[in-house]
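Good morning, and thank you for the time.

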Amino acid sequence: MRQYVARRLALFVPTLVGASLLVFVLMRLVPGDIAEILVYQTGSESSVIQTKQIQQIRAELGLDRPVAIQYLAWMGGALRGDFGQSYTQRRPVWDILAERVPRSLELAVLTLAIAVVWAIPLGVISAVRQNSWLDYAARVLSLSGLSLPLFVTGVLILYGLVRLFRWIPPLEFVAFTENPVENLKQLIWPALCQAYYISAPITRLTRSEMLEVIRHDYVRTARAKGLAERAVVYRHALKNALLPVVTFIGWWGGRLLGGVVIMEMIFVVPGMGTALLHAVSQRDYPTVQAMIFVMALVFLTVNLVVDLLYAWIDPRIRYA
Amino acid sequence: MLAALGRFVVRQPLGAAGALVVLALVAVAVLAPRLAPHGPKETGFAPYVAPSAEFPMGTDQVGRDVLSRVIWGARLSLYVGLASVVLGITLGSLWGVATAYFGGAADAGSQRVVDSLMALPPIILALSLMAALGQSVTNVILALTILLTPTAARTVRSVALGVAAAPYVEAARATGGSNWRIIRRHVIPNCMASYIVLMTTNVSYAIVVEASLSFLGAGAPPDEPSWGGMLTAGVQALETAPWMVFFPGLAISLAVFGLNLLGDSIRDLTDPRLRGGLG
Amino acid sequence: MTTSLIARILAVSLLLTTAASAQEKPRQGGILNWFDYGDPGRLDVHAESPLVVQQATAGVYSGLLHYDPEEPAKVIGDLAERWTVSPDGKTYTFHLRKGVKWHDGQPFSSADVKATFDRILNPDFKSPKCGASLKPIVASVEAVDPNTVTFQLKFPAAPFVPSLASAWCRIAAKHVLAKYGDLNAPEAQIGTGPFKFKKYERGSVIEWERNPSYFIPGLPYLDGVKQFILVGGPTQLAAAKASKVMLWDAWPPMRKTQADELRRARDDVEIYQAPINTIFLIYLNARKPPFNNPDLRRAVNLAIDRQELVAKSLEGAGVPCAILDPKLVGDFALPLEEVAKTPGCRQPKDQDLAEAKRLVEKHHPGGLDIEVGLRSVGNYADRAQLVVSQLRKVGIRGTLKTHESAAGFAAWGKGDFTMIATQDRSMDVNDPSGIFHIVYTTEAGSNYGRLSDAKVDELAERALREGNRDRRKQLYWELQRHILGRADTASIPVGWVEGWFFLDKRLRNYKHGVTTYDNNTFMKVWLAQ
């Protein structure tokens with residue numbers, strides 16, 4: 001087991017390096033850099049002055065160095081935990097991360113909690129009553145979450161609240177530790193929206209895993225033997241069925257921790273998603289690099305933890 | 001043939017409904033030029049007209065017929081969805097199969113690339129790609145393809161790993177069969193079921209992701225009749241012109257439902273683990 | 001200067017105060033809620049240019065001069081009690097108020113003014129708003145004594161006073177600049193204004209609180225101002241409908257549909273239409289084919305139906321065709337009746353369209369295919385689609401190329417376009433010189449098409465330096481007639497943009513600024529019960 005963990009952790013390194021390299025290259029393929037954006041977005045000064053200013057800003061920020069040097073410099077800093085200064089906010093990227101991560105974390109946890117409570121029972125019902133109208137209803141219901149893009153559902157909810165109740169969720173973010181009620185009043189809505197959206201694949205997976213497990217002999221025998229045994233076995237079956245589901249949820253958790261931009265925009269949650277979007281559109285390279293790095297790290301870690309959980313619970317699993 | 005179809009409808013009513021919807025969608029997409037009363041970019045009508053006899057789905061903010069755009073939108077969405085999925089899933093699947101079969105350092109290396117890609121948040125990846133490539137329908141397809149390839153590669157690889165380890169494949173290798181022939185005759189057919197299911201679910205995913213990209217200003221060009229673009233414009237005037245959201249929304253929902261129900265049913269039928277219930 | 005503007009502002013304010021009689025006594029207290037359309041990020045009012053930065057910091061600072069909160073077209077003293085001009089018009093002496101304190105308790109003096117303008121006017125300092133307006137005009141700034149400052153101009157310039165009164169030319173503290181180096185940090189927001197900078201929760205909210213030792217006793221009436229950061233039309237409108245905000249942002253203004261929806265949702269608001277001193281332009285790249293050919297530029301000028309664009313994409317809220325808007329700059333603007341007869345503006349358009357078609361056919365028989373660029377902001381997409389459909393009538397087939405907002409500006413600046421379907425430009429100062437030095441002269445920063453017209457350069461420069469008002473007016477008329485008459489400009493003025501706004505009925509004494517950037521301090525605004 002320890003060997004397995006060590007091996008997986010060792011694989012983090014090339015993956016993270018790969019991801020950061022990919023982002024680095026991608027950001028440089030996107031046209032324009034912060035210097036051009038800052039200077040050209042006003043269009044007040046003469047073109048001669050503009051050119052000079054662009055050169056000045058590039059020199060200040062080190063953007064005139066060869067690209068490879070820039071990457072190595074960033075990597076060197078990152079390994080020391082120094083992600084540099086944001087080009088747009090002129091403060092340490094670390095501060096931005098420290099601010100934004102907890103909000104996305106909270107939203108992700110809320111979303112998953114709701115999704116699990118809603119989607120898994122739906123999947124179980126679907127499986128246990130396969131091909132009954134209950135199954136069909138459950139599948140259609142869970143699919144409906146996927147059927148509309150998130151922004152449509154979000155805006156519908158927002159407008160619905162305003163129209164029906166003359167009420168809008170708080171527009172100002174308050175941390176859970178400061179005022180849990182206000183905080184939840186704001187976050188419950190994007191959480192519901194997101195949970196609705198991701199419940200479809202969770203339900204589908206739960207259903208198919210349950211179906212597989214239910215077929216096994218021990219379940220058939222238990223069923224034949226009687227009620228009490230059936231209950232015990234169902235619980236056992238459920239536990240086995242849920243393992244892949246847990247992996248899947250972990251995968252989703254890793255994704256959600258990166259923040260869902262659209263939900264944050266509509267419900268005014270200042271999380272990782274909007275910060276990253278803003279950083280990308282302003283070509284704030286240090287912030288983009290750091291955020292992607294953190295998101296990738298979180299994603300990989302969550303997946304590892306879940307896989308470990310899987311292995312610990314079910315010792316039959318062998319790892320290649 | 002008809003009997004088989006009849007059995008399908010009875011055993012998988014949801015799937016049959018899904019298939020019907022998908023067929024209708026394809027029909028609308030193919031027949032768009034003849035079905036749509038107007039061109040997709042044709043302006044000149046009064047804006048924000050409510051659904052009426054002349055405009056059954058109303059007009060939008062620039063004065064275009066929503067019905068025509070929804071019909072042409074079927075063609076565009078299907079085109080974008082299918083193209084990106086076919087390209088992405090196929091590329092990914094081939095990648096997964098090849099690395100699984102050949103194994104070794106190439107497999108390990110390519111897995112790192114796949115993992116790196118998958119660790120990136122998809123919307124931001126798509127956004128950056130669109131910004132780098134420029135906004136056009138072709139580039140939306142390209143961006144979506146890049147999004148879909150890694151997932152397919154990983155999924156198919158794990159399936160292919162299982163197949164590659166199977167005894168009959170070992171036997172075929174032992175008797176000197178060429179790699180390509182073995183892949184073609186044994187490995188690929190056994191991955192087909194997951195391939196088909198991946199296709200159907202991802203076409204609907206592609207359609208919905210394109211819509212989100214439109215909302216962020218990075219989808220297909222705004223004059224193209226993409227359902228996502230229509231929804232983006234529609235939510236700006238939700239109370240004034242709810243038909244601008246209702247009809248494209250309905251269209252997307254139907255597409256998603258149809259594709260997913262069909263895919264689910266195919267999976268139910270082809271995956272031996274899922275056949276039959278409690279008896 | 002602009003009697004018509006004053007008249008218009010008065011008319012609007014009369015409308016706004018109908019709910020309450022003028023005899024109402026201002027009430028102390030209350031918090032004003034409104035919103036910013038984006039997160040400012042950096043807060044340095046001297047170095048930045050987006051409106052959100054101005055909104056975030058306006059009430060914290062004072063200027064030497066400013067626009068009267070109650071008569072927004074008029075320039076009055078803020079930190080300067082009074083000022084005098086030398087007979088040659090090149091030396092301005094400002095006498096500063098005494099006893100003013102910074103928010104941290106330090107005393108204000110002329111040293112602060114000098115430090116501020118030394119910074120702004122420094123050739124190496126990037127100041128795209130205040131600096132860009134003043135650097136061509138001002139030679140030096142001297143602190144004569146602790147309460148007197150003189151500005152030495154390079155030539156007697158009429159735009160000097162309006163430029164100095166701009167909200168971008170606020171005075172910062174010498175000791176704050178020394179301590180922080182720049183004004184980006186929330187902690188560096190130390191001013192002499194009616195409000196103190198209370199809180200900046202990035203991505204969420206900006207708050208000001210009342211300055212109890214403001215130099216005008218009794219002001220401000222409000223206890224504070226709170227600005228939510230709301231990105232995206234749907235959320236902004238939802239907030240307005242739910243009574244969470246009391247007025248609408250200066251940019252982007254509400255569309256008519258949004259205004260109508262709001263009117264249906266709430267009956268406690270006043271909805272009005274106002275100019276935002278912003279011009280809607282179509283750009284042609286005059287440095288490369290096809291639009292290096294004046295015939296083709298003329299074809300586009302003739303083909304564009306400005307009235308239709310204003311009617312449809314601005315929903316009627318705009319002044320088509322004009323290079324200068326009489327509502328904003330008074331008689332410096334060419335009378336609209338004359339403008340309406342210029343080529344491209346004439347209605348019906350049959351003659352112009354025929355000539356345009358002919359010109360296109362002559363150089364590109366079979367039609368011309370071009371890429372039409374736009375940034376994906378606001379309703380630019382809708383405007384662009386209308387423009388493309390108009391061009392189709394004369395044989396020009398355009399394909400839309402949408403740019404991401406920030407990257408779009410970089411593309412425009414570098415000349416990376418054939419045609420820009422729509423780009424709005426907000427004036428920094430309400431002066432007739434603005435549009436010409438920003439858009440039409442050869443070196444102008446927003447002359448994206450890079451068309452060089454020596455006559456335009458010459459006339460604009462002469463008008464800038466002209467002291468006599470009547471002669472100045474003649475020069476601007478000549479300029480407008482020249483550009484509109486030739487009808488082959490690379491920067492086509494489609495129209496001046498207006499928009500819809502709303503005010504909570506409880507809000508009193510709020511007047512719309514003459515530019516989008518001015519009059520956001522809420523100094524004399526109060527909330528009725």
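Which helix of chain C gives the most to the lining of the second largest pocket? Please keep in mind that this is a predicted model. The answer is helix 17 of chain C, with five residues in that lining. Helix 17 spans 454-465, and helix 4 (130-134) and helix 16 (433-440) of chain C likewise supply at least two residues each to the lining of the second largest pocket.

The space in the second largest pocket comes to about 690 Å³. It is lined by 31 residues, and those closest to its centre are A:Ser44, from chain A, together with C:Ala132, C:Ser133, C:Pro136 and C:His437 from chain C. By residue class, the lining of the second largest pocket comprises twelve nonpolar, eleven polar and eight charged residues.

I turn now to the interface of chain B and chain C. Chain B brings 19 residues to this contact, and chain C brings 18 residues. Between the two chains an area of about 1600 Å² is buried, and carbon and sulfur atoms account for 47% of that area.

How many salt bridges are found across the interface of chain B and chain C? There is one. B:Glu239 and C:Lys241 form a salt bridge through their side chains, with an N to O distance of 2.7 Å. As for polar contacts, five residue pairs are counted between chain B and chain C, with both residues at pLDDT 80 or more. On the side of chain B that touches chain C, the residues are nine nonpolar, seven polar and three charged.

Thank you; I welcome your comments.

Methods:
Residues are numbered from 1 along each chain as its sequence is written. Chains are lettered from A and ligands numbered from 1 in the order in which they are written. This is a predicted model: local features need pLDDT of at least 70, side-chain atom pairs count only at pLDDT 80 or more; totals for chains, interfaces and linings use all residues. Side-chain values use heavy atoms; hydrogens and water are left out. Contact means heavy atoms within 4.5 Å. Buried area is the accessible area (1.4 Å probe) that two parts lose on being put together, summed over both. A salt bridge is a side-chain nitrogen of Lys or Arg within 4 Å of a carboxyl oxygen of Asp or Glu. A polar contact is a pair of N or O atoms within 3.5 Å; within protein, one must be able to donate a hydrogen and the other to accept it, and residues adjacent in sequence count only if both atoms are side-chain atoms. Ala, Val, Leu, Ile, Met, Phe, Trp, Tyr, Cys and Pro count as nonpolar, Asp, Glu, Lys and Arg as charged, and the others, Gly among them, as polar. On a 1 Å grid over the protein atoms alone, a cavity is a set of points where a 1.4 Å probe fits but cannot get out, and a pocket is an open set with protein on both sides within 12 Å along at least five of seven lines; lining residues have an atom within 4 Å of a point. Grid points are joined across faces, edges and corners, and a volume is the space filled by probe spheres set on the points. Helices (H or I, at least four residues) and strands (E, at least two) are DSSP runs, numbered from the N terminus.
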